[in-house]
Each structure stands twice: as C-alpha cells, then as structure tokens.
Amino acid sequence: MMALDLSQNKHADVSFEEKERLFDLVKDDDRWHHVLNGCYECGICVAACPSAKFYDFSPRVIAQAVSREDVDLIYTLMSDSIWDCSQCFSCDRCPRQNSPAQIITIMREVAVKNGLKTAQKALEGYGRIIYKIMSTGSQVSPDMLQPDAFPDWGTHVYEIAENLEEWRKAIPPETLHTTETGWKIDEKTIIELYLIWHMTGVMDLIEGVDEGLFMILVDVMEERLEEAGYDDVTFD
Amino acid sequence: MIHLPITNASERTFKADPDNAPVTDLREELFQLEREGELEVIRVPDNHVELMTKYGRMKKIPIDKTWHHKSCGQCGHIPGYSTSIFWLNRQFGLDYYDPTDQTSCTSWNYYASATSNPEAQAAVAVRNFAAAAEVGYFPLIHCGTSFGHYKEVRHALVHQHDLRRKVKKIMERLGKKLVIPEEIVHYSEWVLAMKDRIAERQVIDMSNITATVHPACHYHKLIEEDAIYDSEIYGAQRTAIVTGTLQALGINVGDYSSWYDCCGFGFRHILVSRDFSRSFSVQRKIEVMKEEVNPDVTVTHDTGCVTTLDQSQFAARAHDRNVGIPVMADSQMAALAMGAHPYKVLQLHWHNTDNKPFLRKLGFDVEKVWAEFQEEVDKIKSGEKEFMTWEDADKNLKK
C-alpha cells in the first residue's frame, strides 16, 4: 500500500495560485454549500469507509482539509487520494451531515475538467468503458464478458464467451436479445443521448482525459448524428 | 436529589415521527415547484401500496403501470436478475412496460470516472423520466446505483434553480418536458410491497434455508430518509429491504457483524483496481458471513453488489480463503419460491459462485433442470427457434 505523501514537496512544481484556482472551482460548485458543514474529527466516516481499510485514504482528512481551506493539502489530495474513494456514501453517516464522498465527486470533476495528469492516470484502462457508455448508452454489455477482460473472474467467463450468442437468445425478455448493448435501445434514444452530451459539454471532459478516445467517439457520434439529420452538431 | 427518568434499554420503544424528522419531505417542495410551473410531477398510479421510510413518512410504491428502468450490469452480465423482475410481474398479470426508449442512467460511469457533470447527469435522468411519462407509465428503477443517483438528481433539481433552468432548456431542444416522478422507487421496494402475495403463491419450501442479506449502500446510505424501514424488522433500526421479503418466504435470515459494510464494488475499482474490490468483498463480507452464519445463500438487491460479491470469490479460492456462498438478488429468490426455472428464468448459469448445492437443498434435480434449459439452447443452435420465449421458460413451471 502506497503511503500518501503529505509533504509540501510532492507538488512543489505547481504554483500556489494554480492550487488556489482549482480549490476555488470546487467551492464555486452549486453543491458546495450542501456538502460541508464543518468537521469535528469524530472519525465516524473513517470507521465506515471501505477504502480507508485498504488504501492510505481518509474521508476525515479530506473533510478537514477543505474545512481549513488548506490549499496545498487539498491539491495533494486532489492529485493522489480522491480516486481511492469507493463512492459508496457510507461517510454520509457524518453527524455534521457533511458528505466527504460528494466533496470528492466535485474534486474529481474539477480534476478531470482541468486535465490533471493524475486524473488521466487514474482512468487508464478505463477507456473501453467510456467508449461503451458514450457511444451506445449502455455501460456494460454481454460481449465484454471475455476472459482477457476479466481473468480473475475465472473459468466460467470462458464458458459464457463461447456460448454468448445462443445464451443471449435464450433469455425470455425480447429487449435482452443483444450482445453489444445490455438491452435493445432505439436509434432516436441514442441520438437524444448524443445531443445531451453535446449540449452539456461532456465531450470536452473526455478530450481532457484521453484525446485518442475522444477522436474515435467524435467520429462515431457525428456520423450517426448526420444520418439522423443533425449535420450542424459537431463536437469540435 | 435529582430524579432521572431511567428507562430500561429493553423497554425503550422507537417510533418514527415524520413531523419530527430531521429532513423535509422533498415531495412538498416538488409539488410547490409544479404549482409554480417549473416542472411536472409524474404521479404514482392509483394501484399502489404505502410503506414506511426511515423517519416515518409513508412512501407510495406502484404495483402496476410500471416503466422498467433497466440496469446495464444486470442486463449485460446477470440477465436473470432483470428477467426475474419481469417474470414476477407477468405471474401476477400486472401491466408493465419494458422500454427500448431507455438509456443507462450513466451513473456507474459518473461515480467511477467523473467524466460527466451535473447537467448531463440530470438531463439523462429527466430524459428517461419523460420517456416513461410519454407512454403513461411510472418509472421503476432496477439498479441500486441508478436509484441512489436519481435521488441525488431529484434533490439537486428541486434545490438548484440554475440546474433546473439548464435541464429544462435541454429538454425543450429534445421536445420533452421537465418531469420528475413523485417517488423514486426501487424494484426491491416493489418486491417487498408484494411479499405477501408472493408468499401466497410460494411452491418451494425455503424453511430449511439460511440466508444473509447485504443492503446496497446507495439504497440506504445515500438520501437515507427515502429507504424503507419497518418496526417489525430490526426494530426499524436498519432498513427492512430484502430482509422483509426473505422472511415472508420463510427463510432464516442470519445476522453478521459487517452487515453495514459496503460490498467493495467501488464503481471504478471493480473495473480497473479489482484487487481492492475482491479483497474487500471477500475479507469484510463473504468470510465474515461464512464464519458467523455459514449461509446457504447471500441475497442482495443491486447490480454492483451481486457482481462484486459473486465474482470476487473465484480468485479468493486460489488463496484458500473461506468463501463459497452463492449470491442472488431478492427478485430471483422470490421468483424461485414461486416455481420459476433456475436456468430459464433465474439464468443462474451467468453467476459465478457454485449455486448447485443451494438448488439441491431446495429439492431441485440440477442435472434435469440444466437439461431442460439446454434443450431450449439446442433449438436455437439448430435454427428450430430464433429465441426462447416466456412460454418456453414456463414449460416446466413448478406448481
């Protein structure tokens, strides 16, 4: 287990102004006033936290850092700690009604939006999931059940992969006779999803995480949008 | 002398009082926004049951006219989970809708990667709600992640005017209304509401079965006031979900010391940091259950939880860990109790941890029921049939 380096030296190459700018973005989020009410270090959040048992991670440290507005520490946590969170919200047991998990959600969004290298590293290996959800509107699909994708799930994945086509047809609900998506999704529904991505700027976040993936997705989406009559919708 | 009214702990009673709840009833604010023309509320259908929530408010659970908001992970990897939910609806002759105009809630990705933002998440949610309203049905959410996230989204839309304005504009571009359901209802709440009717039609005796329950974090920890509680179950100190259903089926529900712990799914972790998920679920959940209860089965009500608890046990066997508990959803248990086929309906062949001993304990001839499923698969392979139908699935229905 890697120890969390809380010294000031770890990110000395990043200016204080930049660290402050990122923290200001966190505080500017509309959810900010609902997620932090001050922390009196009772540690209930740590006791409930699954990630605290396996990583050098503490929701209490995060709540304390943002309460005290310790800009250097917040940057360190935003770089090195927030991706250990399981997002289970067990820490919502907080007697002060803080939500360290939601604080972390906001910090993650700021990290992704601002292209932090540590965010990119945390999401390495995750690209195929982003591709699947952004392009098909379905987060996991039957054809992802391949032995090389889930080797630690054991030998039954081989059996599933070998019988996938037939076993998917041997499921009673008609909407589940699919392999590339979890269920049958209408074309117009996918187009509506692409329009939501377009109107909310989500593709800019993808570009910041993985430029290659962004370009592949843009090709797929723009082609489908054009076929649906949306020639003017681009993601550049 | 100071006299203190000392009460024996065993004589204390706890009664939830909605008038003294620490949180406001979001529905009051929702209806107020509707009166102001900010949004429209999808009403719970007339045919509903009321169940108590954590602070005493009664929650309406629709029985029919439900629009089934499916789960990516269920449909993709454990299809018997969704199939069992539909099967139960069909057995009771209920009017339900299985949509193709439905996207993922996208919240697994959101909690895993943060490659999204509140506007996109809320717009995806409202788009799905609008799709349900357009066909005249009420959303019933299959996944615990979707359920928790949609509660968050509803909370944000009610309290953040700017977000509401942005989402309304997006919906207008899509030709849709800004609609929010009166209640965000999880399918396991529907199963709990139906438990007595399910028990009336039970054909498999489960009184020799001991089960442990794992409650999904996003069901009862996120927006906690919305979860179902019952004074007859855990003295209303823990959520009644799943436990109430299993007890109605005559199953012995065993308690264990890590009941409140997460399963270790982690959203991102189950996909790219899997050592954490499998270590946590084995060491904090499965081994504790084995040690303290040694159940025949562990039952939960969320996609991520079934996946993590089930799949994590394989690698643990290589390390001689104390594992080997089959994992199922409450909908699968309820369907099985009513005679559903273990493979044609429950689709247990997609599950990892060996569930054959559990089936044998219930009196199933496992080889025979597997052969019945294989017969259907062979017809598909030979081209005699294109798909297995609901009628095919019920050919060997236990009565």
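This is a predicted model: local features need pLDDT of at least 70, side-chain atom pairs count only at pLDDT 80 or more; totals for chains, interfaces and linings use all residues.
Residues are numbered from 1 along each chain as its sequence is written, with chains lettered from A and ligands numbered from 1 in the order in which they are written.

**Overall build of chain B**
- Chain B holds 18 helices and 12 strands (DSSP runs numbered from the N terminus: H or I of at least four residues for helices, E of at least two for strands).
- With a radius of gyration of 22 Å, close to the 21 Å that the globule rule gives for 399 residues, chain B is as compact as a globular protein of that length (the radius is taken over C-alpha atoms, and the rule is 2.2 Å times the number of residues to the power 0.38).
- Along the principal axes, the C-alpha atoms of chain B fill a box of roughly 75 × 60 × 45 Å.

**One sheet to look for**
- In chain B, 4 strands form an open sheet in the order S10-S9-S11-S12, with parallel pairing (strands pair if DSSP finds at least two bridges between them).
- Strand S10 (252–253) and strand S12 (327–329) of chain B are the edges, each pairing on one side only.
- Strand S11 (residues 297–300) of chain B runs parallel to S12(B), joined by 3 bridges.
- B:Thr300 has B:Ala329 in S12(B) as its bridge partner.

**Meeting chain A**
- On chain B, 72 residues are in contact with 60 residues of chain A (C-beta atoms, placed from the backbone, within 7 Å).

Key: Two residues are in contact if their C-beta atoms, placed from the backbone, lie within 7 Å.
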